[in-house]
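Please read it alongside the sequence and the structure.

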Amino acid sequence: MQLQNQSPVQVFNSNNKGDPSLSILIPTFKRINLLESAILSAIKQDTFLDYEIIVVDNDQSKDSLDLIKKLSQKFPSANLKLYQNSENIGLYGNWNACLLLGRSKWMTIISDDDLL
């Protein structure tokens, strides 16, 4: 699978652990308050799995970067990554971008308004 335009650019990576067991993929667009709740619900799961949380933002604002930095300071063991698209590639394009970026055998996509 390839994106039609440019690939998302990684703007933040809190951890460079080995390959995770699970990739939690969160596409988002201009819903920063909902995004925070979605990320926190993933971080607070009671699991022994090594996981990564990948956020792919369809907006180029600084809001998601500020949020990810704040959460990575509060939860230093969380494996948080943020990518931003250079332009809005639409809902399905952003889902596809998420799937391309996940590194594990097992992946799940949750929307920014979903909770685990």
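Aspartate 66 is partly exposed at 36% relative accessibility, where buried means under 20% relative accessible area, exposed over 50% and partly exposed in between, computed with a 1.4 Å probe and protein chains only. The side chain of aspartate 66 meets that of lysine 62 in a salt bridge with an N to O distance of 3.6 Å, and lysine 62 is exposed, with a relative accessible area of 54%. This is a predicted model, in which local features need pLDDT of at least 70 and side-chain atom pairs count only at pLDDT 80 or more, whereas totals for chains, interfaces and linings use all residues. Residues are numbered from 1 along each chain as its sequence is written, and side-chain values use heavy atoms, with hydrogens and water left out.

**Salt bridges**

- Side chains of opposite charge can pair when their charged atoms come close.
- With a salt bridge taken as a side-chain nitrogen of Lys or Arg within 4 Å of a carboxyl oxygen of Asp or Glu, the count comes to 7 salt bridges.
- Arginine 103 forms one of these with aspartate 19, the closest N and O atoms being 3.5 Å apart.
- Because arginine 103 lies in the loop between α3 (90-101) and β5 (106-109) and aspartate 19 in the loop between β1 (9-13) and β2 (22-28), the pair ties together parts that are 84 residues apart in sequence; helices (H or I, at least four residues) and strands (E, at least two) are DSSP runs numbered from the N terminus.
- Within this pair, arginine 103 counts as partly exposed at 35% relative accessibility, while aspartate 19 counts as exposed at 62%.
- Lysine 70 and glutamate 36 also meet through their side chains in a salt bridge, at 2.9 Å from N to O.
- Lysine 70 belongs to helix α2 (residues 63-74) and glutamate 36 to helix α1 (residues 32-43), so this pair ties together parts that are 34 residues apart in sequence.
- Lysine 70 is partly exposed, with a relative accessible area of 43%, and glutamate 36 is likewise partly exposed, with a value of 22%.

**Lysine 81 and its network**

- Salt bridges link Asp19, Glu52, Lys81 and Arg103 in a network.
- Lysine 81 is placed in strand β4 (residues 80-84) and counts as buried, at 4% relative accessibility.
- Not counting residues up to four places away in sequence, lysine 81 touches Gln10, Phe12, Asn13, Asn15, Glu52, Ile53, Ile54, Val55 and Arg103, contact meaning heavy atoms within 4.5 Å.

**Nonpolar cores**

- A nonpolar core is a set of buried Ala, Val, Leu, Ile, Met, Phe, Trp, Tyr and Cys residues joined through side-chain atoms within 4.5 Å.
- The largest such core has 21 residues, of which Ile26, Ile39, Ile43, Ile53, Val55 and Leu80 touch the most other members.
- At least two residues of this core come from each of β2, α1, β3 (51-57), α2 and β4, and α1 gives the most, with 6 residues.
- Leaving aside neighbours within four places in sequence, isoleucine 26 is in contact with residues including Leu35, Ala38, Ile39, Ile53 and Val55.
- A second, separate core of 7 residues includes Ile54, Val56, Cys98 and Leu101.
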